[in-house]
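Here is a short walk through one protein model, written for someone meeting it for the first time. Have a look at the picture, then read on.

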Amino acid sequence: MPLIEIKVPQLSESVAEATLLQWKKKVGEAVGRDEILIEIETDKVVLEVPAPDAGVLTNIVEQDGATVGSGQLIATLDTSAGAATAAPAAAASAATAAPPAVSAPAPSPVAAGNRAAGITMPSAAKILADQGRDAAGIEGSGRDGRITKGDVLAKPAAAPARAPAATPPARPPLAEVRAPISVDKVLQGRTEQRVPMSRLRQRIAERLLQSQSNAAILTTFNEVDMQPVMNLRNKYKDRFEKEHGVKLGFMSFFVKAAVYALKKYPVVNASVDGTDIVYHGYFDVGIAVSSPRGLVVPILRNADLMTFADVERTIAEFAAKARDGKLAIEELTGGTFSISNGGTFGSMLSTPIINPPQSAILGVHATKDRAVVEDGQIVIRPMNYLAMSYDHRIIDGREAVLALVAIKDALEDPARLLLEL
């Protein structure tokens, strides 16, 4: 019997174990080629395991929630021709063989003979099954009296002969699968709910503790007048979207301003390796993205070479992939500097934690109209408070403050980004 072993995909070197999340198929069910069989969660991404060929799932070796490793056997698939068609054929046979309801009209001799002989055409049987009907009262016009799709469509049912098959419940959103907590239940009385951390959440906790334990983190703040950026964006956003097929947001300005500052102060783009300082001749900027599984930081590779449209398009793709759990491991590894935008959720000020082995991170917050002093006058301006956390082991306060001022200058005069001034 041509059995195919379904195994855990090869995980990255930094990932030793993974967790099986949810089998999409049960033993005995037919599976189409490339149909997703199972989701596997690592501490970085969720991997989907597709069926390598059409067949029937004959055995599930590891159940939901099991801890598995690279190459481990988790199921077997029978790809023989008979097995691949067994389940659909059984379903069609069940649909054609279902007895008529008492209230249904008596079948004609031809129809009765067709049902007894099981010669309802597959396409017709599928329609009957979908509508919760049987072949009673339908005369076949096909060869040897077969009931065709046209025969079924030509005789609509006055009322369903039997109750339609129950529609399986829709799969809950990814957030509910990851953290099945009920707020209503928690708030009723003195109850508690214990939910295991996902692998990603465990990894986040580990890295944040590592960051605070292994780095001398300090944060410096500054404020930036976002009016120039807002004016530029409002002037060109419609033309930009029409030209590039993506909306012009604010993150591309923050990314470009950060790269502008990192070029001036390379140590902010560096990292610590033992007793060495590693200066990076490239600018891979991580963008913190919220997902149902937790915070992830996909990387904009060579951000200095990307256009504004490239940045906006890639960030939008990252957000969609994070929401659907589709980010690849290579999209989450590396990075020389990060940006976290807490302003998306309304944050006014925060002290972001460095993403090791990086040495600095920029925190962006909500832009709000505030009263500020300009030339001795109180005026209203859209202000944003920026925060830069840095590793004081290699970055002195001077470089951190000047780097943040450079970001401020670039945002308050965006022409600097074009002229590299």
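Let's start with helix H9 (residues 251-264) and helix H11 (residues 397-412), which pack at an angle of about 135° with their axes 8 Å apart. Axes here are lines fitted to C-alpha atoms, for helices over the stretch in contact, and angles run from 0 to 180 degrees between N-to-C directions. H9 and H11 are therefore oblique to each other (under 35 degrees is roughly parallel, over 145 roughly antiparallel, 65 to 115 roughly perpendicular, and the rest oblique). Their crossing is right-handed, as the near helix is turned clockwise from the far one by less than a right angle.

Who touches whom? On the H9 side, Phe253, Phe254, Ala257, Ala258, Tyr260, Ala261 and Lys264 meet Ala403, Ala406, Ile407, Ala410 and Leu411 of H11, with contact meaning heavy atoms within 4.5 Å. By class, the residues of this contact are 11 nonpolar, no polar and 1 charged (Ala, Val, Leu, Ile, Met, Phe, Trp, Tyr, Cys and Pro count as nonpolar, Asp, Glu, Lys and Arg as charged, the others, Gly among them, as polar).

## About the model

This is a predicted model, where local features need pLDDT of at least 70 and side-chain atom pairs count only at pLDDT 80 or more, while totals for chains, interfaces and linings use all residues. Numbering runs from 1 along each chain as its sequence is written, and side-chain values use heavy atoms, leaving out hydrogens and water. Helices (H or I, at least four residues) and strands (E, at least two) are DSSP runs, numbered from the N terminus.

## H9 meets H10 too

The axes of H9 and H10 come within 9 Å and cross at roughly 120°, so H9 and H10 are oblique to each other. Met251, Ser252, Phe253, Val255 and Lys256 of H9 make the contact with Phe308, Val311, Glu312 and Ile315 of H10. That contact has 6 nonpolar, 1 polar and 2 charged residues.

Most residues other than glycine have a negative phi, and most peptide bonds are trans. Asparagine 302, in the loop between strand E15 (299-300) and H10, has a positive phi near 50°.
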